[in-house]
Amino acid sequence: ATQQAMSLVEHDDDGVDPAFRADVLEGLSQGQKAIPARWLYDAAGSQLFEDITQVEEYYPTRCEREILTNCTSDLAELIGPGRAVVEFGSGSSVKTPLLLNAIDPAAYVPLDIAGDFLRAAAADLGRKFPDLPIFPLEADFMKAVKLPADVTAMPKLGFFPGSTIGNMVARSAVDLLRSMRETLGSDSCLLIGMDLIKDAKVLEAAYDDAAGVTAEFNRNLARRINRELDGSIPVDMLKHRAIWNDTFARIEMHLEAQGDLRFEVSGHDFTMQEGETIHTENSHKFDRRSQSTLLLAGGWTPKARWTDSKGQFSLILADA
Ligand code: AVJ
């Protein structure tokens with residue numbers, strides 16, 4: 001049974017999250033313009049991301065699904081039944097049934113910042129699992145969250161698939177892992193997807209697909225700014241770029257000005273020179289050791305690890 005979604009997200013009278021306006025105005029005022037990646041996920045952006053998971057070049061979703069399909073008996077054995085599964089950034093929850101079927105949980109708490117998307121996905125999952133109590137929570141998982149009272153007594157399993165942890169620089173990733181541990185408790189465990197370092201060509205193709213879906217996903221951020229923050233960004237003058245940064249072991253997404261631009265956002269003037277970029281996302285990649293280091297720094301002890309048949313992606317189970 002799916003409960004009514006609770007919301008921990010603020011909205012102004014005009015329906016805009018004030019943190020969005022603050023992040024955009026501050027981010028566009030910096031030398032290297034940069035906007036935090038989480039603002040890519042409004043309803044349109046969340047849908048575009050779902051479309052990305054279907055394109056040939058974007059391997060992570062496929063690989064993670066392969067892993068989840070093949071490790072179900074391991075998961076049943078290592079995690080066991082009766083846990084409350086808390087999914088951070090649940091999105092469309094397409095991978096969730098694989099996990100829920102494997103471990104027989106007592107409750108499911110999907111947590112996402114895109115409220116409408118969250119509600120639709122939770123209702124959908126409720127139809128697939130009619131006997132499972134579902135408590136959707138509209139929240140920014142970067143902040144510590146208070147879980148619904150109904151699940152506080154249950155042991156928790158955090159589920160953080162998709163390598164979303166890779167969106168954060170190490171220091172924020174460690175903060176997040178620590179706050180997850182606080183949210184979930186000291187008898188919890190965490191099942192986390194982490195993408196692996198590989199050939200730069202493969203990575204750049206995954207983040208700049210031939211059909212241009214990722215480009216639309218990136219440009220949607222500029223459209224969202226225009227829509228919600230009364231902006232005049234000439235979206236068609238921004239080119240999508242996906243660049244492998246080897247020093248930081250990450251793919252970076254940028255929006256590059258195709259000419260000298262001037263525009264307004266919320267009554268503030270901004271300019272971009274031709275070639276200047278807005279940095280819109282980092283997607284860090286890992287190897288086995290950097291994964292362990294990050295998890296341990298965040299308070300989690302790796303316990304089991306699986307990769308797909310091509311060794312492109314990994315799923316890790318860790319104990320609090
Ligand atoms: C949803 C954060 C896992 O980094 O691979 C996909 C987002 N950005 N293509 C990723 C994304 C461009 C995705 N995560």
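## Annotation and overall fold

An unreviewed UniProt entry carries the annotation "domain: Histidine-specific methyltransferase SAM-dependent" for residues 20–319. UniProt positions are given in the numbering used here, feature names are shortened, and annotations may be inferred rather than shown by experiment.

This is a predicted model: local features need pLDDT of at least 70, side-chain atom pairs count only at pLDDT 80 or more, and totals for chains, interfaces and linings use all residues. Residues are numbered from 1 along each chain as its sequence is written.

The chain holds 10 helices and 14 strands. These are DSSP runs numbered from the N terminus: helices are H or I with at least four residues, strands are E with at least two.

Along the principal axes, the C-alpha atoms fill a box of roughly 60 × 45 × 35 Å.

## Helix packing

Two packed helices are described by the angle between their axes and the distance between the axes. Axes are lines fitted to C-alpha atoms, for helices over the stretch in contact, and angles run from 0 to 180 degrees between N-to-C directions.

| Helix pair | Angle | Axis distance |
|---|---|---|
| α7 (residues 170–184) and α10 (residues 288–297) | about 50 degrees | 8 Å |
| α2 and α9 | about 175 degrees | 9 Å |

The angle makes α7 oblique to α10. Angles under 35 degrees count as roughly parallel, over 145 as roughly antiparallel, 65 to 115 as roughly perpendicular and the rest as oblique. Ala 170, Ala 173, Val 174 and Leu 177 of α7 meet Leu 294, Leu 295 and Ala 297 of α10. Contact means C-beta atoms, placed from the backbone, within 7 Å. This contact has 7 nonpolar residues, no polar and no charged. Ala, Val, Leu, Ile, Met, Phe, Trp, Tyr, Cys and Pro count as nonpolar, Asp, Glu, Lys and Arg as charged, and the others, Gly among them, as polar.

For the second pair, the angle makes α2 roughly antiparallel to α9. The contact residues include Leu 48 and Phe 49 of α2 and Phe 217 and Arg 224 of α9. They divide into 6 nonpolar, 3 polar and 3 charged.

## Ligand shell

The ligand is surrounded by 13 residues, the closest being Gly 162, Ser 163, Thr 164, Asn 167 and Ser 283. A residue is near if its C-beta atom, placed from the backbone, lies within 6 Å. Helices α2 (43–52) and α9 (213–228) and strand β12 (277–284) each give two or more residues to the shell. The shell has 5 nonpolar, 7 polar and 1 charged residues.

Definitions and conventions: Contact = placed C-beta atoms within 7 Å.
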